Amino acid sequence: MKLLLVEDDREISELLSEVLIGERYLVDVASDGEEGWDFVEACEYDLVMLDVMLPRLNGVDLCRQLRAKAYEMPIIMLTAKDSTEDQITGLDAGADDYVVKPYKLGELLARIRALLRRRTVSVSPVLRWGDLSLDSNTCEVTYGERILKLTPKEYSLLELFLRNGSSLLSRSKILDNLWSFDDPPDENAVKTHMRRLRKKLSKAGAADDFIETVYGLGYRLKQNLQHGYS
């Protein structure tokens, strides 16, 4: 899961991003509202956390702007403004949750998990493509009756393909979804992880072209396989 934190207090952003990375989230950090908007336009996020008092574009206005442009990812407001009126303003702007500073990290992490779980369940907890099955609740991947032991990056890569069906994914799109702006590898990293994932799929019984290469454009799941969600 890839998260965006928009927070102008460096000490808070460094601490929170370190905790989130420790929970195996990918995290990008923006220090003002305009930069946060630029990040959202450039990349896809599963959840956004917004400080309310931000330079250039405040969190409430950024939230309104995101919703006006039909961005549907969960949004959590992080703020020291704790009045009922402030909370109503944030929620009316389109936020899904409102967390008052100083907050307990354990509680914030629980709220993040709850919003991500709600969004995942609304899409589908189990993704299928032919004989392949990925359960996002248990993080278990099987091909037929065989369990695939994947690294976190291989799992995220496979989940990205399954959630996009037979759509073509370029290397740059894969990089944008699976790596943070602060840790950008070159495109050879995609080749390396793709090769390892294909090897594990093949060993479990999948066809060598289960994930096809469209030369010069990217990759996609083989289209003539029966697929679906449950």
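Q: How do α6 and α7 sit to each other?

A: They're oblique to each other. This is a predicted model, by the way. The two helices pack at an angle of about 120°, and their axes are 11 Å apart. That counts as oblique because the roughly perpendicular range is 65 to 115 degrees and roughly antiparallel means over 145.

Q: And what's the hand of the α6 and α7 crossing?

A: Right-handed.

Q: Which residues in α6 and α7 meet?

A: From α6 you have K153, S156, L157, L160 and F161, and they meet I174, N177 and L178 in α7.

Q: OK, what about α7 and α8, at what angle do their axes cross?

A: Roughly 85°, with the axes coming within 9 Å. That makes α7 roughly perpendicular to α8. In this pair, R171, I174 and L175 on the α7 side meet V190, K191 and M194 on the α8 side.

Q: Which residues are buried in α7?

A: I174, L175, N177 and L178, in a helix that covers residues 171-178.

Q: What covers them?

A: The cover includes strands β1 and β2, helices α6 and α8, and β11 (218-221).

Q: I174 keeps coming up. What does I174 touch, not counting residues up to four places away in sequence?

A: L157, L160, F161, L169, W179, V190, M194 and Y219. I174 is also in the largest nonpolar core, as one of the residues that touch the most other members.

Q: Which others touch the most members there, and how many residues are in that core?

A: The core has 29 residues, and besides I174 the list has L132, F161, L162, L201, F210 and I211. The elements giving two or more residues to this core are β6 (126-129), β7 (132-135), β8 (140-143), α6, α7, α8 and β11. There's also a second, separate core of 23 residues, with W37, V48, L66 and Y98 among them. As a general point, nonpolar side chains in soluble globular proteins tend to be buried together.

Q: Switching to charges. How many salt bridges does the structure hold?

A: 14. One of them pairs the side chains of D28 and K2, at 3.9 Å from N to O. D28 lies in strand β2 (residues 26-30) and K2 in strand β1 (residues 2-6), so this pair ties together parts that are 26 residues apart in sequence.

Q: Is D28 buried or exposed?

A: Buried, at a relative accessible area of 0%. K2 counts as buried too, at 1%. The cut-off for buried is under 20%.

Q: What about the E107 bridge, which residue is the partner?

A: R111, with the closest N and O atoms 2.9 Å apart. Both are in helix α5 (residues 105-123), four residues apart, which puts about one helical turn between them. In general, an α-helix has 3.6 residues a turn, so residues three or four places apart point the same way. E107 is partly exposed at 39% relative accessibility, and R111 is partly exposed as well, at 27%.

Q: Which side chain meets E154 in a salt bridge?

A: That of K200, at 2.7 Å from N to O. The pair links distant parts of the chain, with E154 in helix α6 (residues 152-163) and K200 in helix α8 (residues 188-204), 46 residues apart. E154 is buried at 2% relative accessible area, whereas K200 is partly exposed at 28%.

Q: Which residues do salt bridges that share partners join into one network?

A: D209, E212, R220 and K222.

Q: Last one, E159. Where is its place?

A: In helix α6. E159 counts as buried, at 13% relative accessibility. Not counting residues up to four places away in sequence, E159 touches L127, L134 and S136.

Technical notes: Residues are numbered from 1 along each chain as its sequence is written. This is a predicted model: local features need pLDDT of at least 70, side-chain atom pairs count only at pLDDT 80 or more; totals for chains, interfaces and linings use all residues. Side-chain values use heavy atoms; hydrogens and water are left out. A salt bridge is a side-chain nitrogen of Lys or Arg within 4 Å of a carboxyl oxygen of Asp or Glu. Buried means under 20% relative accessible area, exposed over 50%, partly exposed in between (1.4 Å probe, protein chains only). Contact means heavy atoms within 4.5 Å. A nonpolar core is a set of buried Ala, Val, Leu, Ile, Met, Phe, Trp, Tyr and Cys residues joined through side-chain atoms within 4.5 Å. Axes are lines fitted to C-alpha atoms, for helices over the stretch in contact, and angles run from 0 to 180 degrees between N-to-C directions. Angles under 35 degrees count as roughly parallel, over 145 as roughly antiparallel, 65 to 115 as roughly perpendicular and the rest as oblique. A crossing is left-handed if the near helix is turned anticlockwise from the far one by less than a right angle, and right-handed if clockwise.
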